[in-house]
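Hi everyone, thanks for making time this morning. Let me put the structure up, and then I'll walk you through it.

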Number of protein chains: 2
Amino acid sequence: MSETAARPAGIDPELARLRRSIDNIDAALIHVLAERFKATQQVGMLKAELGMPASDPVREATQLARMRELARDAELDPVFAEKFLAFLLAEVIQHHEAIALDRAQDRVVDGAPLA
Amino acid sequence: MSETAARPAGIDPELARLRRSIDNIDAALIHVLAERFKATQQVGMLKAELGMPASDPVREATQLARMRELARDAELDPVFAEKFLAFLLAEVIQHHEAIALDRAQDRVVDGAPLA
């Protein structure tokens, strides 16, 4: 009976059960994504330090092939996995470029302009 | 020395280390996303059975507020979390609509057209 009390009125119990699982999964996704961006933030700083470009087509092709294979093993649509990687990479490359720009501006302020 | 041997030639060791972590994180993300789509697939079938619309603005608003809060707690950009939810929902709603259409077509084939 306590389960009934915790459920919003008028929601199908099976739908409510599935939504609770989806909410748990989303919490996991957000926390794992937070760790991914911590790692890519470090990559961005390292690339700026080494003067490497924000994007790396060879690395991205390797990631793409791997994501598609992982998706097939996990019974996830490989086309969705591909879209997901593109979505993440767009965000990451934007961050990398912002880091590189910050570094370049710091150099100008320090009296050592790039040009 | 064995670490040097396992590393692709010319890649900075710190960059290689970060990329190995990102690859592990991506494998986790793909597997968790696969479970999310299994759950939303069940939601889609249930909604089609109950004659519910594919999208639910009240549920989506609740999810959005929750994702932003989870993101803040996890030190992830809440704006990115919002974009991520929109990305997932677009895919899920497309699946729900496909399921509802399949069901409607099955009904026509069974000799019980909707109209």
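Predicted model: local features only at pLDDT ≥ 70, side-chain atom pairs only at ≥ 80, totals over all residues.

Helix H2 of chain A, residues 13-50, packs against helix H3 of chain B, residues 57-73, at an angle of about 35 degrees. Their axes are 9 Å apart, and the crossing of H2(A) and H3(B) is right-handed. If you want to find the spot on your screens, look on the H2(A) side for A:Asp23, A:Asp26, A:Ala27 and A:Ile30. They meet B:Arg66, B:Met67, B:Leu70 and B:Ala71 in H3(B). By class, that contact of H2(A) with H3(B) has five nonpolar residues, three charged ones and no polar ones.

Now please look at the other partner of H2(A). H2(A) also packs with helix H2 of chain B, again residues 13-50, and here the angle is about 160 degrees, with the axes 9 Å apart. How do H2(A) and H2(B) run, roughly parallel or roughly antiparallel to each other? The cut-off for calling a pair roughly antiparallel is an angle over 145 degrees, and H2(A) and H2(B) are therefore roughly antiparallel. The crossing of H2(A) and H2(B) is left-handed. The residues in this contact divide into 20 nonpolar, six polar and six charged.

Let's step back to the whole interface. How many residues does each chain bring to the contact? Chain A brings 38 residues, and chain B brings 38 residues. On the chain A side, the elements giving two or more residues are H2, helix H3 (57-73) and helix H4 (78-109). H2(A) gives the most, with 25 residues. If you sort the chain A side by class, you get 25 nonpolar residues, four polar ones and nine charged ones.

In general, two copies of a chain are related by a rotation about an axis and a shift along it. In this model, a rotation of 180 degrees with 0.0 Å of shift along its axis superposes chain A on chain B, with an RMSD of 0.0 Å. The two copies are thus related as by a two-fold rotation axis. Which C-alpha of chain A is nearest the axis? That is the C-alpha of A:Leu29, 3.3 Å from the axis.

Next, a quick look at one chain by itself. Chain A has four helices and zero strands, and from the N terminus on, its elements run α-α-α-α. Chain A has 115 residues, and 19% of them count as buried. Among the contacts in chain A with a separation of 6 or more, 46% come from residues 24 or more positions apart.

I'd like to finish with a few single residues. Most residues other than glycine have a negative phi. A:Glu75, though, has a positive phi of about 60 degrees although it is not a glycine. You'll find A:Glu75 in the loop between H3 and H4 of chain A. Is A:Glu75 buried or exposed? With 11 other C-beta atoms within 10 Å, A:Glu75 is exposed. Over in chain B, B:Glu75 has a positive phi of about 60 degrees too. B:Glu75 sits in the loop between H3 and helix H4 (78-109) of chain B, and with 11 C-beta neighbours inside 10 Å, B:Glu75 counts as exposed.

Then there is B:Ile93, in helix H4 of chain B. B:Ile93 has 17 C-beta neighbours inside 10 Å and counts as partly exposed. Leaving aside residues up to four places away in sequence, B:Ile93 touches B:Ala54 and B:Ser55. B:Ile93 and B:Ala54 are 39 residues apart along the chain, and their C-alpha atoms are separated by 5.6 Å.

Last one: A:Arg59, in helix H3 of chain A. A:Arg59 counts as partly exposed, with 16 C-beta neighbours inside 10 Å. A:Arg59 and A:Asp26 are 33 residues apart in sequence, and from C-alpha to C-alpha they are 28 Å apart in space. And you've met A:Asp26 already, among the H2(A) residues that meet H3(B).

Note on methods. Residues numbered from 1 in each chain as written. Chains lettered and ligands numbered in written order. Axes fitted to C-alpha atoms, helices over the stretch in contact; angles between N-to-C directions. Left-handed = near helix turned anticlockwise from the far one by under 90°. Contact = placed C-beta atoms within 7 Å. Nonpolar A, V, L, I, M, F, W, Y, C, P; charged D, E, K, R; others polar. Buried ≥ 20, exposed ≤ 12 C-beta atoms within 10 Å, placed from the backbone. Least-squares fit on C-alpha atoms with pLDDT ≥ 70 in both. Parallel < 35°, antiparallel > 145°, perpendicular 65-115°, else oblique.
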